[in-house]
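Hi there,

My notes on what turned up follow below.

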Amino acid sequence: MPAPEIAAASPSYNGESPKTPAVFNVLSFGAVGDGAADDTQAFKLAWDMACHNDSAVLLVPNGYSFMLQSTIFTGPYLPFVYGNLKIDGTIMPPDGPDSWPRNSSKRQWLVFYRINGMSVQGGGLIDGRGEKWWNLPCKPHKGISGTTQRGPCDSPVAIRFFMSSNLTVKGLQIRNSPQFHFRFDVCHDVHVESLSIKAPAQSPNTDGIHVENTDNFQIYNSVISNGDDCVSIGAGCFNVDIKNVTCGPSHGISIGSLGFHNSRACVSNISVSDSVIKKSDNGLRIKTWQGGSGSVSNVAFHNIHMDAVQNPIIIDQYLY
C-alpha cells in the first residue's frame, strides 16, 4: 500500500513565529467512514504518525461517519502545540452492548491518556449510540417501581481524558452517551468551550461533564441537556470556573457526590456564574455521603437564572 499522503494546512500562529502544520486525514490511513466498517486501526495509525511531527492536525473529515472500537490514544510525546485533533465528521462506537467486543472494556470508549497541549475541536458530532445501554435491565428506570434487576451493568464513558494537561475542547457536538459524555481525571489546565451535549431526560447516568482530581478547569459558553448532572465536580478538584452554561433538562450542576465508602474528599475554589438552569430536578447542589470526611470550601454561585427547577439550591449530607 502506498504511503499515506500528508497535506499542508494554512499557517497557525502562536504569538511569535508561524507554523504550517501537516494535516493527517484519517481517510489517507485506510478509514472508510461508512458508519459500519471498523476504522479503529486507521485512526490509531494516523494518531501515531501525527505524534511524530513537530506540528500536526489530525483531521476527521466532514461528510463521513467513522465507527471506532474502545481505544486508548496515548501521549506524552504528542506535539499538538501548533495543531489539533479536528473533528468535522461523525464518530460513533459499536451499536450497544451486544456489538461490543468481549475483550474490550465496557467502562470507557475513547480515552486520551497522558496528553499535554492538545486541542480537540471542530463542527463534527460524537454520537454515543447509548439507547441500548440505557435499556439494560440493571438500569434503575427499567426495573419494577424503579428497582434494578440483576445482570451486567457496565456502560462506557464516551470521552475520557486521564492524567493530561493544557487541553482545549471546543465547538463539538456530543449526544447520547451510554454513560458520562466527558470525564476528566487527574487533569490540569483545561479549557472547555462552546460544547453542545444532549441526551434524553430519562437517560440514566449521562452526566454532561464530570471532573475528578482536576484543577484549573474552565467550562464556558456551552449547552447541556441530559438525564443526570450537567456538570459534576468530584473529589480532589479545585479552581473550577463555570460560566455562561445553559443546563437542562437535567439534574443540575453538582459538587459531589463526595465521601463514598467513608472516604475523605476535598473540593475548593468553585465558581458558577452567568448561567441558566431549567426544567431540572435540582439547580445547584452539594451532595455528600454519610460517614465521609473532608471539606467543600470557597464556593460561589452568582447570577444564576432558574426556570422550573424543583430544588434551586440544595445541600444534601445524607445521600440515599
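Which side chain does R183 meet in a salt bridge? The partner is D185, with N and O 2.7 Å apart. A salt bridge here is a side-chain nitrogen of Lys or Arg within 4 Å of a carboxyl oxygen of Asp or Glu. R183 is partly exposed at 22% relative accessible area, whereas D185 is buried at 5%. On this scale, buried is under 20% relative accessible area, exposed is over 50%, and partly exposed lies in between (1.4 Å probe, protein chains only).

A word on the source: this is a predicted model, where local features need pLDDT of at least 70 and side-chain atom pairs count only at pLDDT 80 or more, while totals for chains, interfaces and linings use all residues. Residues are numbered from 1 along each chain as its sequence is written, and side-chain values use heavy atoms, leaving out hydrogens and water.

Now for the other charged pairs. There are nine salt bridges by the rule above. One of them joins D88 to K86, with the closest N and O atoms 2.6 Å apart; K86 is partly exposed, at 32%. Another pairs D154 with R107 at 3.3 Å. That pair links distant parts of the chain, 47 residues apart: D154 sits in the loop between α2 (131-134) and β14 (157-162), and R107 in the loop between β10 (90-92) and β11 (108-113). (Helices, H or I of at least four residues, and strands, E of at least two, are DSSP runs numbered from the N terminus.) D154 is partly exposed at 39%, and R107 is exposed at 57%.

D39 is a case to look at separately. This residue lies in the loop between β5 (34-38) and α1 (40-51). D39 is buried but has no salt bridge, and the nearest side chain of opposite charge, R129, is 10 Å away. (Lys and Arg count as positive, Asp and Glu as negative; His and the chain ends are not counted.) Beyond its neighbours within four places in sequence, D39 has contacts (heavy atoms within 4.5 Å) that include G30, S65 and F66.

Leaving aside neighbours within four places in sequence, I209 touches residues including F182, F184 and V192.

Enjoy exploring!
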